[in-house]
Amino acid sequence: MKNHQYNVDINWNVDRKGLMCSPELKMGESESSNCIAVATPPEFPKGMPNIWSPEHLFTASVSSCLMTTFLAIAENSKLDFAAFSCNAKGILAKEEGKFAMTEIILSPTVTIFNEKDRERAERIVQKSEAACLISNSIKSKISLNITIQIKD
């Protein structure tokens, strides 16, 4: 496979807030429809509440990679499932005098139709985390708390 490139542009607006866009993600007629506001989180001086932060985006990157990898592996494995969701918690801590995202706790829930698929669904989630390119690109600890449910 050849190398791929993903482009993101960011421009400071005001205070500790900017606008992040990707020229590759044209979702509408407006030039800014592919943009999201990003800011320092409120836990830091002059941080801003209710705006995506780098810490949220980092955590979201790991969680969304788990989902997209799961969807591909489940499809290739012909796993019949009704739903996938994932709660993710990113832990920011000071390590060796520097702030770092030290752990990402992923709590995926897969809803299947048949009890006989429970173990296979759990294995596919584990395989998905191991194959996730974002998880493989970071040094944060990744913890998995998998829930498998049967659809009523």
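Mentor: Cys86 counts as partly exposed, because its relative accessibility is 22% and the buried class ends at under 20%. The model is a predicted one, and the values here are computed from it. The cysteine sulfur closest to that of Cys86 belongs to Cys132, but the distance is 10 Å, which is too far for a bond. A disulfide needs two cysteine sulfur atoms within 2.5 Å.

Now to the bonded cysteines. Searching the whole structure gives 2 disulfides. When bonded cysteines are counted along the chain, the pattern is 1-2, 3-4.

Take Cys65 and Cys132. Their sulfur atoms are 2.4 Å apart and form a disulfide. About the S-S bond the angle is 140°, and this link of Cys65 and Cys132 is right-handed. Cys65 sits in helix H1, residues 54-76, while Cys132 sits in the loop between helix H2 (118-131) and strand S6 (141-144), so the bond ties together parts 67 residues apart in sequence. Cys65 and Cys132 are both buried.

The axes of H1 and H2 are 8 Å apart, at an angle of about 125°. H1 and H2 are therefore oblique to each other, and their crossing is right-handed. On the H1 side, the contact is made by Leu66, Thr69, Phe70, Ile73 and Ala74. On the H2 side, Ile124, Val125, Lys127, Ser128, Glu129 and Ala131 take part.

The other disulfide joins Cys21 to Cys35, with an S to S distance of 2.0 Å. Cys21 is in strand S2 and Cys35 in strand S3, so this pair links distant parts of the chain, 14 residues apart. The torsion about the S-S bond of Cys21 and Cys35 is about 110°, and the disulfide is therefore right-handed. Cys21 is buried because its relative accessible area is 18%, under the 20% limit. Cys35 has a relative accessible area of 16% and so is buried.

Read from the N terminus on, the elements run β-β-β-α-β-β-α-β-β. Of the 152 residues in the protein, 28% are buried. The C-alpha trace spans about 55 × 45 × 35 Å along its principal axes. For contacts between residues at least 6 apart in sequence, 52% join residues at least 24 apart.

Technical notes
Residues numbered from 1 in each chain as written. Predicted model: local features only at pLDDT ≥ 70, side-chain atom pairs only at ≥ 80, totals over all residues. Heavy atoms only, no water. Helix = DSSP H or I, 4+ residues; strand = E, 2+ residues; numbered from the N terminus. Buried < 20%, exposed > 50% of the residue type's maximum accessible area, 1.4 Å probe, protein only. Axes fitted to C-alpha atoms, helices over the stretch in contact; angles between N-to-C directions. Parallel < 35°, antiparallel > 145°, perpendicular 65-115°, else oblique. Left-handed = near helix turned anticlockwise from the far one by under 90°. Contact = heavy atoms within 4.5 Å.
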